[in-house]
Amino acid sequence: AGEKTGAALIAGSAALRSGAGLVTLVSSEKIDVPMELMNSSEVPQNCTAVAFGMGLGRNSKALDEWFDFVLSHKDIPCVIDADAFYSEKIRSVLEKRPSNVVLTPHPKEFQSLLKICGFGEYSVSECVSKRPELIEKFCRKYPGAVLLVKGANPVIGFFRKDSMNLIINPLGKPCLAKAGSGDVLSGVICALMAQKTEDKEHFYLYAVTGSWMHAMASRKIKCDYSMTPSDLIKAIAELGEE
């Protein structure tokens, strides 16, 4: 948690609702958290997955510290999101820690990620219209990473057995365009990682399953325009009824 603590609170609450046994928000300052979430100034020693970037601030010291953490703990799977895609350090992570990483940018964040990683400058509209092509370029350069570019139909790219794979999720509703919905997705994917349900060969399934859960939860929302991230998190718990 950093500059905008609400984003981390949303992701943490989503992670708890998605099956994580214990969720800790790490912050340099004491913050008010729901009674079911933990708060600490340090990463717990028994940590099995991390998600960071949401609301941390683009030039924050905390962001640099998280990049340093994932570089020194390559065995801990991580979700990288939001403000992290505006830091030059993201390139170093992708080069020095090529696996156990799921990236979840929206188109504008994807634009920044592509520029930092040396793919050139693209407009936001190109990052939408050329998503499959740009995702494939990115994944060929960083074959160990799983890239999920958000949008009306999220596209997930990954390499498996030396072949490029693209999966498009058409199941989400318009309410997922609401601010905070992406933080929910990060929390869901992190929770799946924490449960260690997949082996390394099938690491991409964390992103695929998380995106599916996110979309199916949105389909339980009765009124798109009135949805809040909290409504979406509650809807995740209802997926177990099906």
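1. Helix α4 first. Its buried residues are P107, E109, F110, S112, L113, L114 and I116. Buried here means under 20% relative accessible area; exposed is over 50%, and partly exposed lies in between (1.4 Å probe, protein chains only). Seven of the ten residues of α4 (residues 107-116) are buried, so the helix is largely enclosed by the rest of the structure. Those buried residues pack against α3 (89-96), β5 (101-103), α5 (124-129), α6 (131-141) and β6. Contact means heavy atoms within 4.5 Å. Just after α4, G118 takes a positive phi of about 85 degrees.

2. A word on the basis. This is a predicted model, with residues numbered from 1 along each chain as its sequence is written. Local features need pLDDT of at least 70, side-chain atom pairs count only at pLDDT 80 or more, totals for chains, interfaces and linings use all residues, and side-chain values use heavy atoms, with hydrogens and water left out. Helices (H or I, at least four residues) and strands (E, at least two) are DSSP runs, numbered from the N terminus.

3. The sheet is open and has six strands. Their order is β3-β4-β5-β6-β7-β8, with mixed pairing. Two strands pair if DSSP finds at least two bridges between them. β3 (50-52) and β8 stand at the edges, each with a single partner strand, so one side of each has no neighbour in the sheet. Neighbouring strands are turned by 15 degrees against each other on average, direction ignored. Helix α2 (residues 61-72) packs on this sheet and touches β3 and β4 (78-80). The direction of α2 makes about 150 degrees with that of β3. Axes are lines fitted to C-alpha atoms, for helices over the stretch in contact; angles run from 0 to 180 degrees between N-to-C directions.

4. Strand β6 (residues 146-149) runs antiparallel to strand β7 (residues 155-160), and three bridges join them. A hairpin of five residues links β6 to β7. L147 stands opposite G157 in β7, and L148 stands opposite I156. On the β8 side, G157 has L166 as its bridge partner. β7 and β8 (residues 163-168) pair in the antiparallel sense over six bridges. Two residues lie between β7 and β8 in their hairpin. In that turn, K161 has a positive phi of about 55 degrees.

5. How do α1 and α9 cross, and at what angle? The axes of α1 (residues 5-17) and α9 (residues 229-238) come within 9 Å and cross at roughly 10 degrees. That makes α1 roughly parallel to α9. Angles under 35 degrees count as roughly parallel, over 145 as roughly antiparallel, 65 to 115 as roughly perpendicular and the rest as oblique. From α1, the contact uses I10, S13, A14 and R17. From α9, it uses P229, I233, K234, I236 and A237.

6. D183 deserves a look. It sits in helix α7 (residues 181-194). D183 is buried yet has no salt bridge. A salt bridge is a side-chain nitrogen of Lys or Arg within 4 Å of a carboxyl oxygen of Asp or Glu. The nearest side chain of opposite charge, K150, is 6.2 Å away. Lys and Arg count as positive and Asp and Glu as negative; His and the chain ends are not counted. Not counting residues up to four places away in sequence, D183 touches A7, I10, A11, M54 and D81.

7. Last, S218 in helix α8 (residues 205-218). S218 is buried, with a relative accessible area of 0%.
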